[in-house]
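Please examine the chain that follows, together with its fold. The paragraphs below lead from the overall arrangement to particular residues.

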Amino acid sequence: MSAPSKPKGRRIAELLIEVPAVVVMFMMMFHITANALLRFFANSPLPNTLEYVQYWYMPIVALLGFVAAQLRGQHIAADLVFRMLPRAAKPYVTAVGCAASALLAAGFAWYGWQEAVHAWEITMTAGVSDVISWPVYFLVPLAFASLTVQFAWATVRAIRHPDADEDDEQPGTEPAAA
């Protein structure tokens, strides 16, 4: 029996998150490889490679990775204590944990927005170089706002479906195939 298919909207959301992350990852790999080869063979490295990796590539990959992992339900879980809880308590512990995570993500989104606006106002650059870095700052509030919504939805699901089996449905995952 095949696994149930994902809703079309969810597949589109995954593609909108994961395709840019993969493209940026390949751009970063190509940039770093070209820099290393040019440095070794031509003694002429690409200028500002470190700044592009540090201020552009890595933040994009990491922030999109957080959102994609939550959407797919693939964050690492340390559930040693959770598995020992009574079955009746598990949905409420999940709801409280997801609600706390939603509040924390909302706080990061708010703070990130303020920092992004400030970076834009001062036209922030990467270190002492001329490489602009302020546009990437706007990905922080966007990513954490998305995480806020995902955690809030997981909270609602934990409350509305307290009898869901924790092995079948983790917040943000699809039920396992029978």
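Which pattern does the chain follow when read along the sequence? The pattern is α-α-α-α-α, with five helices and zero strands in the chain. Helices (H or I, at least four residues) and strands (E, at least two) are DSSP runs, numbered from the N terminus. This is a predicted model, in which local features need pLDDT of at least 70 and side-chain atom pairs count only at pLDDT 80 or more, while totals for chains, interfaces and linings use all residues. Residues are numbered from 1 along each chain as its sequence is written, and side-chain values use heavy atoms, with hydrogens and water left out.

Of the 178 residues of the chain, 30% count as buried; the classes are buried (under 20% relative accessible area), exposed (over 50%) and partly exposed (in between), with a 1.4 Å probe and protein chains only. Of the contacts (heavy atoms within 4.5 Å) with a separation of 6 or more, 70% are accounted for by residues 24 or more positions apart.

Helix H1 covers residues 8-42. Its 35 residues should span 51 Å at 1.5 Å a residue, and the end C-alpha atoms are 49 Å apart, which agrees; the expected span is 1.5 Å times one less than the number of residues. The buried residues of H1 pack against H2; among them are Ile17, Val24, Met28 and Asn35. Asn35 counts as buried because its relative accessibility is 11%. Leaving aside residues up to four places away in sequence, Asn35 touches Pro45, Leu46 and Thr49.

H1 is followed by Asn43, which is placed in the loop between H1 and H2. The phi of Asn43 is near 50°, a positive value in a residue other than glycine. Most residues other than glycine have a negative phi. Asn43 counts as exposed, since its relative accessibility is 67%. Thr123, in the loop between H3 and H4, also has a positive phi, near 45°.

The aromatic residues come next. Rings of Phe, Tyr and Trp (its six-membered ring) pair if their centres lie within 6.5 Å; planes under 30 degrees apart count as stacked, over 60 as edge-to-face and the rest as tilted. By this rule there are four aromatic pairs. Phe40 and Phe41 form an edge-to-face pair, 4.8 Å centre to centre with 85° between the planes, and Phe40 and Phe41 are exposed. The pair of Phe108 and Phe144 is tilted, because the ring centres are 5.2 Å apart and the planes stand at 55°. Phe108 lies in helix H3 (residues 90-121) and Phe144 in helix H5 (residues 139-160), so the pair ties together parts that are 36 residues apart in sequence. Phe108 is partly exposed at 41% relative accessibility, whereas Phe144 is buried, with a relative accessible area of 16%. Trp113, Trp134 and Phe138 form one aromatic cluster.

Phe108 and Phe144 also belong to the lining of the second largest pocket, which holds about 200 Å³ of space. Other lining residues include Tyr55, Leu63, Tyr111, Glu115 and Val140. Helix H2 (49-72), H3, helix H4 (134-137) and H5 are the elements that give two or more residues to this lining. On a 1 Å grid over the protein atoms alone, a pocket is an open set of points with protein on both sides within 12 Å along at least five of seven lines, and lining residues have an atom within 4 Å of a point. Grid points are joined across faces, edges and corners, and a volume is the space filled by probe spheres set on the points.

How values were computed:
On a 1 Å grid over the protein atoms alone, a cavity is a set of points where a 1.4 Å probe fits but cannot get out, and a pocket is an open set with protein on both sides within 12 Å along at least five of seven lines; lining residues have an atom within 4 Å of a point.
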